[in-house]
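Please look at the sequence and the model shown below. The report that follows goes through a few residues and then the ligand.

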Amino acid sequence: MCGIVGYIGPRPVTPILLDGLKKLEYRGYDSSGIALIENNRIEVYKRQGKLEVLREELNGREFYATAGIGHTRWATHGKPSDINAHPHTDCQGRFAVIHNGIIENYLPLKEWLISMGHGFRSETDTEVLPHLIEEFYEGDLVQTVLRVTRKIEGSYAMVVLALDEPGRLVAARQDSPLVVGLGDGENFLASDIPALLCHTRNTYILEDGEIAEITPDGVTVIDQYGRPVAKNVFHVKWEAAQAEKGGFDHFMLKEIYEQPRALKDTLSGRIDPDGARVVLSEIKMTPEQIRNIKKIFISACGTAYHAGLVGKYIIEKMARVPVEIDIASEFRYRDPLVDKDSLVIVVSQSGETADTLAALRESKRRGARVLAVTNVVDSSIAREADYILYTWAGPEIAVASTKAYTTQLMCMYLIGLYLADIRGTLPEADRREIIKELRKLSDKVKVILNNCSIIDQFVRDYAGSENAFFIGRGLDHTVAMEGALKLKEISYIHAEAYAAGELKHGTLALIIKGVPVIALATQQDLFEKMVSNIKEVKAREATVIALAMDGVREIEKVADHVLHIPRTHPLLAPVLTVVPLQLLAYRMAVARSCDVDQPRNLAKSVTVE
Ligand code: M6R
């Protein structure tokens, strides 16, 4: 997730670009850059680090340009560096491009472009764009961009500045947001509305496949077939702070709603075209080394630990290798039996959690290979691990982790399938089936996000509760733990998760009239057992909200409320079941007037022990 801005009009462009980027820094902040046409050539200034570093570099320079583009980056392909920062240019410096998204087929395109004589400077996927434009350009930038969009696969919001056509900017969008700001004798582009608000509230929201040509006097839009599109003006009514959150009241809610995109991005480029296998070029182990893994250890904290619990379940089931999982703060002190035949997987959104980093170092000291699943490119954990599998969730700002968790789950499935393929432990038909279902998860999360009204009723009735219990069996139990953590973390309701079969070994004593119990029952083979457990708590007059897959009607006879999730492969259910639990925690916290994004006593990243 990156921030992009563009301007064309009568005013000096540099301050407009820098101010716009400042407003978009929450979308990414590891490097930034601008491109403008000065002295009859495209000049690019880009620097690793926060926007202030770029601002200092530009300080004191005189610029006259009145058209330009700017970018603030959250690294995906290629670590944060001056060279990998955007804008990127072609061989001759005639085109500058900024891009948000992932070009999935950049590697074959890059190879082809190199064979055509193009030279690449960065490690980014984006750099194929200016070279493709250079290759295809025949005097019309709009037509060239249209042709480029037919060659590329993946997600993009891109803006192009061309030396030969200084009077226009050309932008294209597919699966990444892009907004045109309509001014008077000037026009703007941005990946998000906050960058536009101090200039205009009249916008065109570009749709997938659309290409926009922006001049000072007008904006024309065509679709993917080159046909003109008549756009309606969208008048923005949000205040600036709300706009930064994409119109949502809190970052947490925005991030919950970003999950369909984040899941898609995390899967992107990691399945072979035939849909038969997972391709993880990031794990640079030979098949022999993978087959020789004797044991896998997973280590993480908080929500990332909960993702690891799902990972244990999945990897053992698919790859038939024993997996141990530890909370990182325990692992480092318990003298684990890790050795050179072990693979250690550390999971961390921030890549900076002190205990997880210590677990990584301890594992390496004992001779194990370490695979990191993390969201922050070039974080400490990413730098020190042997192999890195990035979750492409984009920056997560709310303290409560949401999209990081579901994308970590996605990585667990990818690792499980990848190891299973090499170790020959999962029949191809099963692999194909799971991969097919993995691809549908993003859309199924969207369905859940649009159908959660039952939660509001539950929140109305139980916002005053001081305790809540989450129960489940198997994978459902691991998600129950995440649901309980979310609820206690932001609503301050005491919430506990139990393996449902454990209730009668003690916890049942706490189940009294009116206590809310959230029961997860998505696992077919454990369903009857869960129904018994629900009856057990109902007999003590608890109020039960149950989560089950679509079409499972039997549960309605025992639970007070049932929230159905779209059907999926049982192993993939956690990605779906957690979404209503995130929304439940969020709405409870709002109903109890809690500080959702910055809960008391907590920090986003725990970099001390
Ligand atoms: O950055 P990490 O994933 O390593 O962070 C781990 C935990 O601190 C984190 O998941 C924490 O539990 C969240 N606040 C939970 O929402």
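## A loop residue, Pro166

Pro166 is found in the loop that joins β7 (154-162) and β8 (169-174). Strands here are DSSP runs of E with at least two residues, helices are runs of H or I with at least four, and both are numbered from the N terminus. Pro166 counts as partly exposed because its relative accessibility is 46%. Buried means under 20% relative accessible area, exposed over 50%, and partly exposed in between, with a 1.4 Å probe and protein chains only. Between the C-alpha atoms of Pro166 and Arg41 there are 10.0 Å, although the two residues are 125 residues apart along the chain.

## Basis of the model

This is a predicted model, in which local features need pLDDT of at least 70, side-chain atom pairs count only at pLDDT 80 or more, and totals for chains, interfaces and linings use all residues. Residues are numbered from 1 along each chain as its sequence is written, and side-chain values use heavy atoms, with hydrogens and water left out.

Asn450 belongs to the loop between α15 (428-449) and α16 (453-462). Is Asn450 buried or exposed? Its relative accessibility is 63%, so Asn450 counts as exposed. The C-alpha atoms of Asn450 and Tyr225 are separated by 31 Å, and these residues are 225 residues apart along the chain.

## Glu482 and Lys486

Glu482 is part of helix α17. It counts as buried because its relative accessibility is 0%. Its side chain makes a polar contact with the side chain of Lys486, at 2.6 Å. A polar contact is a pair of N or O atoms within 3.5 Å; within protein, one must be able to donate a hydrogen and the other to accept it, and residues adjacent in sequence count only if both atoms are side-chain atoms.

Lys486 also has a polar side-chain atom 2.9 Å from an oxygen atom of the ligand.

## Around the ligand

Which residues come nearest to the ligand? Of the 13 residues around the ligand, they are Ser348, Gln349, Ser350, Thr353 and Glu489. A residue is near if one of its heavy atoms lies within 4 Å. From an oxygen atom of the ligand, a polar side-chain atom of Ser348 lies 2.6 Å away. For Ser401, a backbone N or O atom lies 2.8 Å from an oxygen atom of the ligand.

The elements giving two or more residues to the shell around the ligand are α10 (302-319) and α17 (475-491). The largest share, three residues, comes from α10.
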